[in-house]
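Dear colleague,

I am handing over the structure below, and after it I have set out what was found in it. Please look through the description with the structure open beside you.

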Amino acid sequence: MALRVLAALLASLVLSLHAHAAEPVYPPGSRFGFEPAADMQVSRRFTGFERPGGGATVSVVELPPQDYGTLTASFTAESLKSQGLTVKNREEITLPDDRKGILFTGEQPIEQPGAPTIAKWVLLVADPSVTGLVIGQSLPGVETEQTMRGMLTSVRVRAALTVDQQVAALPFRVTETAGFRPVRVLAGNSVLYTDGPKDQMMSLEQPILVLAEAVQPPLPADQRDAFAKAALYSNQTMKDFAIERAQTFRQAGADWHELVAPPTDVPSGMPVVVSQTIRFKPDGYFRAVGVVKSQDREAMLPRFRKLVDSVEFP
């Protein structure tokens with residue numbers, strides 16, 4: 001009788017522990033969830049988590065499943081050191097749901113005079129449908145080895161999200177697609193739209209429109225024009241930019257900046273038109289960039305603008 005009572009108590013304890021285990025938190029649109037450290041929150045700047053006061057981050061990148069083997073072979077102590085990471089320990093571990101993983105622990109100096117060396121963790125996660133590359137880092141004294149290791153190794157992988165589910169998780173909402181459809185969501189804060197049957201586009205076979213939100217300190221009004229032009233010129237796949245139209249305006253209580261330019265697409269040598277619209281916010285900005293063949297500009301530019309004008313923010 002005593003043994004049966006003890007067994008029942010143990011079973012009850014196990015059930016209680018499972019019932020109170022922390023649920024994984026998934027960054028918007030990500031398949032990888034974690035039990036975050038007490039002072040870590042989902043980041044608005046990248047896919048992952050960060051400490052609000054700064055000093056520690058955990059980011060995650062989703063890669064094709066076959067990349068696990070490639071990364072496992074290429075992530076040697078020598079190759080990682082060439083990228084600045086000195087590996088102190090490498091271990092193969094078993095993650096929740098019996099997934100395989102490899103955890104690298106080390107440190108990496110910040111390339112600034114007098115800057116401290118940061119502690120760093122790199123975790124490769126194997127799953128039949130996806131590979132996870134998880135990177136944690138902390139300034140000295142901000143997070144402990146135990147805390148960061150516990151967070152990274154708590155990783156869970158959920159089923160693939162549909163494009164619509166990923167779009168719904170974005171930090172903004174498109175209320176009028178103007179005939180475009182979303183084909184890809186990146187980093188939980190940007191989305192690619194197109195018009196046409198193909199999801200993979202070569203040589204601008206179809207028009208594309210990319211929407212993205214960035215979090216950063218507010219930009220003074222007198223720096224916004226230069227910022228917008230620099231953002232436009234940063235596209236390395238285009239050349240011979242000539243600003244055709246540049247304007248600022250107020251809309252929905254916010255400041256906007258719009259540029260239209262007809263550069264040349266480098267891979268194809270084709271003349272194109274680029275439309276860039278930026279909405280400046282107190283905590284960053286929202287940017288929309290549309291690209292279309294020159295001969296289709298009259299039909300597409302108004303549609304780009306219609307979709308962008310429909311975007312709502314929480």
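**What was found**

The protein has seven helices and 20 strands, where helices (H or I, at least four residues) and strands (E, at least two) are DSSP runs numbered from the N terminus. This is a predicted model, in which local features need pLDDT of at least 70 and side-chain atom pairs count only at pLDDT 80 or more, while totals for chains, interfaces and linings use all residues. Residues are numbered from 1 along each chain as its sequence is written, and side-chain values use heavy atoms, with hydrogens and water left out.

Along the principal axes, the C-alpha atoms fill a box of roughly 85 × 50 × 40 Å. Of the 314 residues, 40% are buried, buried being under 20% relative accessible area, exposed over 50% and partly exposed in between (1.4 Å probe, protein chains only).

Seven strands form an open antiparallel sheet in the order β2-β3-β4-β8-β7-β6-β5, two strands being paired if DSSP finds at least two bridges between them. Because β2 (41–42) and β5 (86–95) stand at the edges with a single partner strand each, one side of each is left without a neighbour in the sheet. Strands β6 (residues 99–109) and β7 (residues 117–127) pair in the antiparallel sense over nine bridges, and Gly101 stands opposite Val125 in β7.

The largest nonpolar core has 25 residues, and those with the most contacts inside it are Val191, Tyr193, Leu211 and Leu307; such a core is a set of buried Ala, Val, Leu, Ile, Met, Phe, Trp, Tyr and Cys residues joined through side-chain atoms within 4.5 Å. At least two residues of this core come from each of β12 (190–194), β13 (208–215), β16 (254–261), β19 (284–293) and α7 (297–309), and α7 gives the largest share, five residues. Not counting residues up to four places away in sequence, Tyr193 touches several residues, including Val167, Phe180, Pro207 and Leu307, a contact meaning heavy atoms within 4.5 Å. Apart from this core lies another, of 21 residues, among them Ala37, Met40, Phe49 and Met151.

In helix α6 (residues 224–233), the residues Arg224, Ala228, Ala231 and Leu232 are buried. They cover an arc of only 100 degrees around the axis, which puts them on the same side of α6, the arc being that of the directions from the helix axis to the C-beta atoms. The elements that cover the buried residues of α6 include β16, β18 (270–281) and β19.

With best regards
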